[in-house]
Amino acid sequence: MDPNKPPVKKQKLNELGFIGQPATEESPVPDTTPRKRRSGTAQVDYTEPPTSPTSAPVEKSTDSSFEVSSEPVKQAGPRKSAPQKKGPASSAKKSASKRKAVEAPSPQNTTLEQYFTKKVDDVVVAVDNKPMDYEDFKEVKQQKAIQAEDQDEEIDDTKLGKVVKAYLLSREYLSKPAPVGQPEAWAHVRQALCDTYKAFQALQGGTYRTAGKACGLLVNTMVGDRDYFDEDVIITTCGGGRSKVGDKMIQNSDQKPDDNFAKCWMASMESNTAVIVIAGKLSLNSSPFNFINNLLGQCNKISPCKLPYAFNVLGWYQITNVWTELRNKFKTWCVRLERVNLEQQPWYMPEGNDYKPKPYTTISSSQTCTDVLGEKGCGQTYEAIFSIGWLCLNPSCKRFFKHPNYNGDGTLTYASDFLEKRTPFTGEDPGPVVPPLPESEDLIQSSSWGTEKAYLKGIVCPRCRCCSRRLEWAEWACENPRCDFTYRLNQPVIPAALAISDTTIGDPANLRYHVDDQVIKSKPMTLGPNYIYYAYELPFPIDGGGYGRVYHIKSNGNINKAADGPNQMFEEMQSEDFGLKRNPVRNAGKDIEVVTRHYSANYGAPYKFGVLQGTSKPFSEAPPTTLKALKRVQWMCEELFKKEGNVEDHKSSPSQLKEFNEVLNVGYFETCRMGYHDDGESTLGPTVASLSFGASATMSFRPKNKSKIPGCKSSGKSHKGDILRIILQHGDIMVMDGSDVQVHYEHKVESHGRLRYAMTCRHIKIDTIEYDPKVLKGLPKKEARAKANELRETAAKAALMPEGHERFDYDGNEVVPEPEEAQDSKAYIKHCLDKIKARVTAGDISKETAIALVNEFMESL
Ligand SMILES: O=C(O)CCC(=O)C(=O)O
């Protein structure tokens with residue numbers, strides 16, 4: 001826990017008291033305390049709360065297009081302001097990569113070519129590290145480009161040549177005027193945008209559609225030749241039918257009349273549904289190749305002004321037209337959008353222009369397709385949308401897109417009437433462009449815990465307007481590297497009994513207890529005075545062999561209730577600061593970065609050193625529950641292996657159960673999960689064991705595709721089905737024993753309630769830990785070896801138990817009166833059966849499914 005930070009006061013709630021509990025003096029106070037500003041970033045004063053309307057000009061740097069702008073943005077209209085609390089800075093820390101600036105190489109003693117090549121290499125490294133300063137890079141690029149132009153050099157297709165070409169191509173974009181204002185919301189990372197905007201949750205593609213309607217549009221860097229974008233109107237394609245050809249997205253197949261994208265746009269138009277529109281520009285955070293390719297692409301050159309960020313929210317638009325035209329000779333669905341609020345000047349109005357709302361117009365240019373020169377017309381009526389004159393837009397009509405002055409080649413422009421028409425918006429008010437921050441009061445009013453799916457959403461930072469994901473368990477932290485805003489809700493401590501009974505059985509299709517015929521399940525066996533367990537022996541390939549087991553050690557009310565037991569630990573850990581975080585799972589540090597759907601924090605010896613570099617903490621900094629869990633799991637596995645022997649022994653290996661020296665704490669909000677993975681890193685011992693808290697979860701095991709497990713065929717294209725699914729309940733321990741389990745199987749965990757934790761213990765073979773090769777790149781061998789030794793020494797120290805750890809020792813001897821336990825289990829069984837019954841009554845599942853569920857549930861007890 002951060003000693004500088006007072007623990008966030010949490011209200012202890014009893015089961016009934018929680019519901020509708022009124023706010024007390026201690027209750028909801030969001031922490032809007034700015035984090036300490038770091039040196040080396042632009043000195044912008046974030047302490048002034050935003051006050052004036054959105055479009056007011058803000059001071060800009062000379063070339064904002066290449067910078068991560070940090071100006072505080074003025075707000076659109078009055079917003080419900082969250083109560084402010086002055087206090088010490090939050091414990092939330094930005095990742096080291098956020099603080100890294102790019103060191104410029106000196107041009108002295110190098111040729112321009114060498115200097116520039118080095119610069120490109122730096123870009124490659126720097127882009128991965130989220131660079132902040134591109135001034136030098138721009139300068140050199142410019143010099144090189146001028147040189148290339150002056151000497152009429154042929155620009156080759158090397159990396160250097162590409163960058164130069166990119167620069168030349170992007171000059172058109174760079175010469176655009178700056179916008180008069182700043183977006184009300186923006187993002188560096190696409191996932192942050194998707195997490196924040198319900199109406200735009202598409203991690204890929206330009207159109208987001210749900211429930212048969214288009215809800216959001218990203219006008220990205222790859223724009224079509226006939227796309228249009230001014231301060232009120234956007235025209236683009238509906239999506240689909242395009243592929244990347246060279247640097248451009250080109251329509252290269254006919255879209256069908258009943259194209260799904262077009263249907264969604266049509267449905268939104270017919271229902272007057274407003275859509276959120278975002279404009280993307282090339283991103284400095286993208287991979288080096290994307291960076292260059294984006295430059296080589298069109299840099300959103302149709303935008304009326306330079307766009308300040310990778311993703312810029314433009315606001316709400318209505319759909320006025322959906323039609324088919326010929327693009328690149330292919331039938332292409334297109335859409336015209338118009339800003340909903342035409343009264344307000346848009347922030348992306350080019351600087352120096354006066355915004356005057358255009359008058360609403362009625363269309364008089366429509367014509368009906370009639371027979372012409374013996375060619376049969378379709379009788380449909382369409383607006384005249386091209387300057388060339390009226391064209392039939394019915395793709396199945398013989399006269400489709402035919403005009404005496406147009407042969408399908410050459411440019412075709414939209415008619416000025418079509419571009420300038422303005423339409424009153426008659427749909428439902430889509431609400432503010434910036435979704436309001438959730439507030440602690442809302443938690444009380446809705447009896448929420450703050451761990452519901454809704455709280456996994458991102459927020460728009462009220463200081464700098466950066467869309468920020470809920471990356472940290474305890475709070476939101478602005479993802480703008482130059483902003484220190486954090487926001488925390490006053491969440492209640494949820495008693496274990498409530499979290500357990502909150503458990504939902506889940507989707508019967510994939511969350512059921514299941515044991516394949518090839519898995520050998522033991523009868524229930526006892527462990528210590530209080531536990532029972534089951535052993536599941538997994539099948540392995542006949543030729544390669546292998547041996548491994550999964551043990552499920554079941555807790556019960558007696559164990560859970562005992563002093564220092566799972567109930568107490570569960571409640572304690574809600575107030576402990578574990579530093580749980582969602583870490584990148586794909587494209588770390590890039591604008592297409594995606595983070596895990598669960599939160600984790602590592603203690604003891606560092607695990608997954610390459611991935612979670614620098615994020616692991618020593619046991620001396622671990623919260624008490626982590627150490628309690630470690631002792632409990634260690635005791636459990638020792639007892640288990642006394643009875644069973646561990647599987648490496650079965651293979652007559654001399655290895656014994658190794659002391660666990662690492663704990664991965666994992667937190668699950670509602671709908672959180674850990675996808676299929678193995679724990680098969682070479683630095684790991686053969687036994688992995690986890691302790692569960694709170695809501696129940698299904699843990700599923702499936703053979704890896706490459707593994708020839710007898711009786712297991714690939715289901716579908718790429719994956720085999722689950723061979724074993726166990727339901728982990730509060731206090732249960734799961735043990736995977738044998739390295740072959742990790743070689744041939746992968747596992748996943750899906751939580752079924754609003755709040756769950758797991759603590760997974762492993763043995764890290766410290767003498768095998770290596771640095772990520774990237775870190776040691778370029779170092780002389782001796783230095784690299786010294787660094788690796790240093791790393792292992794640090795790891796060994798991190799794995800040392802802190803002084804006084806003995807107080808957390810566990811011996812499995814809890815004593816609690818019998819009748820209570822019986823009552824507890826009865827209540828739990830009744831609760832689960834009631835849930836199944838409720839699902840039948842609600843028509844969610846059939847009676848047959850319910851019977852199957854009940855049988856499986858009873859078997860899982
Ligand atoms: O959440 C759990 O129960 C286990 C998590 C897990 O699979 C892991 O840490 O590898």
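View 1. The model shown here, as in every view below, is a predicted one. R632 has its place in helix α13, and, when its neighbours within four places in sequence are left aside, R632 is in contact with L691 and Y810. L657 stands 25 residues away from R632 along the chain, and the C-alpha atoms of these two residues are separated by 15 Å.

**View 2. The largest nonpolar core, to which helix α13 contributes.** This core holds 80 residues, and those that touch the most other members are V550, I553, V633, A689, I733, M734 and V735. Helix α13, which spans residues 624-644, provides the largest share of the core, namely seven residues. Residues of the core come both from domain 1 (7-36 + 440-491) and from domain 4 (496-807), and therefore the core lies between these two domains.

View 3. Which residues does A689 touch, not counting residues up to four places away in sequence? They are V633, M636, C637, I733, M734, V735 and C761. A689 is itself one of the residues that touch the most other members of the largest nonpolar core, and V633, I733, M734 and V735 are also among them.

**View 4. The shell of residues around the ligand.** The residues found around the ligand are L664, V666, M674, D679, S690, S692, A697, L728, H747, V749, A758 and T760. Two or more residues of this shell are given by each of the elements β25 (662-669), β27 (684-694), β33 (745-751) and β34 (755-764). When the residues of the shell are divided by kind, seven are nonpolar, four are polar and one is charged.

**View 5. Helix α12 and its buried residues.** Helix α12 runs over residues 566-575, and its buried residues are P566, N567, M569, F570, M573 and Q574. These residues cover an arc of only 170 degrees around the axis, so they are on the same side of α12. Against which elements do the buried residues of α12 pack? Their partners are α10 (496-501), α11 (557-561), α13, β27 and β34.

View 6. Is A211 buried or exposed? A211 is exposed, because 7 other C-beta atoms lie within 10 Å. N587 likewise is not a glycine and has a positive phi of about 50 degrees, and N587 has its place in the loop between β22 (584-586) and β23 (594-595). N587 is partly exposed, because 17 other C-beta atoms lie within 10 Å.

**View 7. The chain from which the close-ups are taken.** The chain contains 19 helices and 34 strands, and of its 861 residues 43% count as buried. When contacts between residues at least 6 apart in sequence are considered, 74% of them join residues that are at least 24 apart.

Key. Residues numbered from 1 in each chain as written. Predicted model: local features only at pLDDT ≥ 70, side-chain atom pairs only at ≥ 80, totals over all residues. Near = placed C-beta within 6 Å. Helix = DSSP H or I, 4+ residues; strand = E, 2+ residues; numbered from the N terminus. Nonpolar A, V, L, I, M, F, W, Y, C, P; charged D, E, K, R; others polar. Core = buried A, V, L, I, M, F, W, Y, C linked by C-beta atoms within 7 Å. Buried ≥ 20, exposed ≤ 12 C-beta atoms within 10 Å, placed from the backbone. Domains from an automatic or database assignment. Contact = placed C-beta atoms within 7 Å. Arc of directions from axis to C-beta.
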